[in-house]
Amino acid sequence: MPPKRHITTLLQATFVWAAFWVLGLPDYYQQYSQTAIAIGSIVLTVLIGLSALWFLRYGRDENRMQRALWISFYYTVPLAIYDSLYCGVYLGHGAGYLTKYWYLSIFYLTPWITFPPTAWLLNGKLKTSVPKR
């Protein structure tokens, strides 16, 4: 990826984090029931899966996996750092924020288990065949 694309992707991920942070105010979603948070997390997981298909369907096959890995990186590592600074340091939860705010923690893994496998499937690595009789 060219340097400009790295910066753009980081800025996009930062904007997404900031938007979710603002939407979660005043208590970073703690004001909602666990059921509501779970339902929201499921909906968000589905949207991430659909976005993987959307963002990876175009482009050259040989670049698709690289793109998937970079998207996974930029939508997890910086966001985990931002959450660690906000929840762990500013709010004073330390590493305990990972369980208190479990609905954040699961999304540090979701792109990694969604984007690379989607790239792999779109590249045709998984061949399905009907057995002959």
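**View 1. R67 lies in helix α3 (residues 61-74), helices being DSSP runs of H or I of at least four residues, numbered from the N terminus.** In this predicted model, local features need pLDDT of at least 70 and side-chain atom pairs count only at pLDDT 80 or more, while totals for chains, interfaces and linings use all residues. Residues are numbered from 1 along each chain as its sequence is written, and side-chain values use heavy atoms, with hydrogens and water left out. R67 is buried without a salt bridge, and D61, the nearest side chain of opposite charge, is 7.8 Å away. Buried means under 20% relative accessible area, exposed over 50% and partly exposed in between (1.4 Å probe, protein chains only). The R67 side chain does reach the backbone oxygen of Y58, at 2.5 Å.

**View 2. R64 and D61 form a salt bridge (a side-chain nitrogen of Lys or Arg within 4 Å of a carboxyl oxygen of Asp or Glu).** Their closest N and O atoms are 2.7 Å apart. Because R64 and D61 are 3 residues apart in helix α3, about one helical turn separates them. R64 is buried, with a relative accessible area of 3%, whereas D61, at 40% relative accessibility, counts as partly exposed.

**View 3. R60 and E62 form a salt bridge, one of 2 in the structure.** The closest N and O atoms of R60 and E62 are 3.0 Å apart, and both residues are exposed.

Conventions: Helices (H or I, at least four residues) and strands (E, at least two) are DSSP runs, numbered from the N terminus. Lys and Arg count as positive and Asp and Glu as negative; His and the chain ends are not counted. A polar contact is a pair of N or O atoms within 3.5 Å; within protein, one must be able to donate a hydrogen and the other to accept it, and residues adjacent in sequence count only if both atoms are side-chain atoms.
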